[in-house]
Amino acid sequence: MKKLGFGCMRMPLLEMGNPESVDREHVCRMVDRFLEKGGTYFDTAYMYHHFQSERIVKEVLVDRHPRDTYTLADKLPVVFLQCPEDVERIFQEQLKKCGVDYFDYYLLHDLSTSHYEQAEKYDCFSFLRRLKETGKARHIGFSFHDTAEVLDQILTRHPEVEFVQLQINYLDWEDAGIQSRLCYETAIRHGKPVVVMEPVKGGSLAQIPEEAGRILKACHPEWSPAAWALRFAAGLDQVMVVLSGMSSLEQMEENLQVLENPQPLSPEEQEAVRKAVEQIRGTVAIPCTACGYCLDGCPQQIAIPNYFALFNAEKKDPSEKPWAQRSYYANLSQNHGKASDCVACGTCENICPQHLPIIQLLKDVAGALED
């Protein structure tokens, strides 16, 4: 298996800010090129692209290529379960939307302390086992956003899972909240291979501060910031796939080249990354990865990830084009709720994989970008 995986969460859009407006023609070209270069692993989920990702995968992949030329991963949205019947109902809906009879990889989505309790409440792990026994899922696992201690508890109780999907990138490797390294080491201790998500941290590691960029370029002038991030993740021994949410054919071409033959970073390269991390940490006000999970349940339709990106840009260098972020904010808020429209319902915080205090952060955004 090639290490690069095609993540279907950030496909190219025809209309900025509208996750349903996927440029299908562009994605078709990306899919064809990915398969041509030997890639096989495609990853989707129930809520990606405003609940449209699975249907789009059917159009651009399943309807156009033989089933034995690719592997498809999908996920059960534990957070949306309200009764035991929802488990089977949603799974059957996913099969239909994707146009397949089985999934090569099927995961419980976004397990954390609270979501794990939900999974146990509705006996989701037994459901995974039944899927594997009946051939409806060739391999079973879960994606995870919590501490290494919680991961250890889940894997100890459920050794039947075959792999775990973890957020791993060099910025979060030693982060006390994300605990990328500790979670990776926990998975390895339990003998579980790892699928990496967020290797470029929602694209933020593709656009790094100038000083951090200089540090990395001094070590490898020919490597882009995104290449550094991908190489870091792919170079870990027990990583089987690195998912990249590629938004253009150009990004895909670079990623395919970077991960053609990934090798572990050398001690010198590791030291360059460590120094770059020190520089980056001082410039990121809100560590949002722009996954968009917070958008679907927001009663005020607030463009939370977009606003956080503008806030980060404002805080990074408030002296450079001070009007720009406010202008972008004003344009976005024409079709979305303002940050100050937040009613503090908590829906976004309950589903946020990064466990961000979104309600308070929206107040900060309003203070910085609203008149």
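Biologist: How are H4 and H6 oriented to each other, parallel, perpendicular or oblique?

Modeller: They pack at an angle of about 40°, with their axes 10 Å apart, and are therefore oblique to each other. Under 35 degrees would count as roughly parallel, over 145 as roughly antiparallel, 65 to 115 as roughly perpendicular, and the rest is oblique. Axes here are lines fitted to C-alpha atoms, for helices over the stretch in contact, with angles from 0 to 180 degrees between N-to-C directions.

Biologist: Which residues make the contact?

Modeller: Val 87, Glu 88 and Phe 91 from H4, and Cys 124, Phe 127 and Leu 131 from H6. Contact means heavy atoms within 4.5 Å.

Biologist: Before I go on, what am I looking at?

Modeller: This is a predicted model, where local features need pLDDT of at least 70 and side-chain atom pairs count only at pLDDT 80 or more, while totals for chains, interfaces and linings use all residues. Residues are numbered from 1 along each chain as its sequence is written, and side-chain values use heavy atoms, with hydrogens and water left out.

Biologist: OK, back to H4. What's its span?

Modeller: H4 runs over residues 85-98, and its 14 residues reach 20 Å from first C-alpha to last, close to the 20 Å expected at 1.5 Å a residue. That expected span is 1.5 Å times one less than the number of residues. Helices (H or I, at least four residues) and strands (E, at least two) are DSSP runs, numbered from the N terminus.

Biologist: Which of its residues are buried?

Modeller: Asp 86, Val 87, Ile 90, Phe 91, Gln 94, Leu 95, Lys 97 and Cys 98. They cover an arc of only 165° around the axis, which puts them on the same side of H4. Buried means under 20% relative accessible area, exposed over 50%, partly exposed in between (1.4 Å probe, protein chains only). The arc uses directions from the helix axis to the C-beta atoms.

Biologist: And what's on the face turned away?

Modeller: Glu 85 and Lys 96, both exposed.

Biologist: What covers the buried residues?

Modeller: The cover includes helices H2, H3 and H6, plus strands E3 and E4.

Biologist: Switching to H3: is Ile 56 buried or exposed?

Modeller: Ile 56 sits in H3 and counts as buried because its relative accessibility is 0%. Leaving out residues up to four places away in sequence, Ile 56 touches Met 11, Val 22 and Arg 24. The C-alpha atoms of Ile 56 and Cys 98 are separated by 7.9 Å, at 42 residues apart along the chain.
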